[in-house]
Amino acid sequence: MSNMDINQVLAQMRTMKIESSGSTASAEVEKSGDFSSLLKQSIDSVNETQQQAGKLAQAFETGETDASLSEVMVSLQKANVSFQAMVQVRNKLVEAYKDTMNMPM
């Protein structure tokens, strides 16, 4: 997993965001092509996924929802996977930064 391509992970994060929001976010991503906004959108998407999973788990525990245990567990695992992917992207960015800083001038 340490050899993941950053572009592939970012593309997967964009896809997850589009699927979770249900809107045409691809036009938004294409319109704002700079890396910082793309990274912020991805982080916000991961955060939103984690918050939704936490709310669903809490609602299940208190009996406020009709969701099954399997739905709750899948939601929590999706949040975990998206977070782990974001950590891997961060690690690759830090590694790329260090490589850039170690380049001779």
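1. Of the 105 residues in the protein chain, 24% count as buried. Here buried means under 20% relative accessible area, exposed means over 50%, and partly exposed is in between, with a 1.4 Å probe and protein chains only. Before you go on, note that this is a predicted model, where local features need pLDDT of at least 70, side-chain atom pairs count only at pLDDT 80 or more, and totals for chains, interfaces and linings use all residues. Residues are numbered from 1 along each chain as its sequence is written, and side-chain values use heavy atoms, with hydrogens and water left out.

2. Now the overall layout. You'll find four helices and zero strands in the protein chain, in the order α-α-α-α along the sequence. Helices (H or I, at least four residues) and strands (E, at least two) are DSSP runs, numbered from the N terminus. Of the contacts with a separation of 6 or more, 63% are between residues 24 or more positions apart; contact means heavy atoms within 4.5 Å. The chain's accessible surface is about 7,600 Å², and 55% of that belongs to carbon and sulfur atoms. Such areas come from the Shrake-Rupley method with a 1.4 Å probe, and for residues only the protein chains shown count as cover.

3. Have a look at helix α4, residues 69-101. Its 33 residues reach 48 Å from the first C-alpha to the last, close to the 48 Å expected at 1.5 Å a residue. That expected span is 1.5 Å times one less than the number of residues. The buried residues in α4 include Val72, Ala79, Ser82 and Lys92.

4. Ser75 is worth a stop. This residue of α4 is buried, with a relative accessible area of 16%. Leaving aside neighbours within four places in sequence, Ser75 is in contact with Ala53 and Leu56.

5. Which residues make up the largest nonpolar core? The eight are Val9, Leu10, Met13, Leu38, Val46, Ala85, Met86 and Val89. Two or more of these residues come from each of α1 (6-21), α3 (35-62) and α4. By definition, a nonpolar core is a set of buried Ala, Val, Leu, Ile, Met, Phe, Trp, Tyr and Cys residues joined through side-chain atoms within 4.5 Å. In soluble globular proteins, nonpolar side chains tend to be buried together.

6. There is nonpolar surface too: Phe60, Leu69, Met73 and Leu76 make a patch of about 330 Å². Helix α4 gives the largest share, three residues. Met73, found in α4, counts as partly exposed at 41% relative accessibility. Patches take residues with over 30% relative accessible area and no salt bridge, joining like charges within 9 Å and nonpolar side chains (Val, Leu, Ile, Met, Phe, Trp, Tyr) within 5 Å.

7. Because Lys40 and Asp44 are four residues apart in helix α3, they are separated by about one helical turn. Lys40 counts as exposed at 51% relative accessibility, while Asp44 is partly exposed at 38%. Side chains of opposite charge can pair when their charged atoms come close.

8. Gln77 is partly exposed, with a relative accessible area of 45%. Its C-alpha atom is 9.5 Å from that of Gln50, which is 27 residues away along the chain.

Methods
A salt bridge is a side-chain nitrogen of Lys or Arg within 4 Å of a carboxyl oxygen of Asp or Glu.
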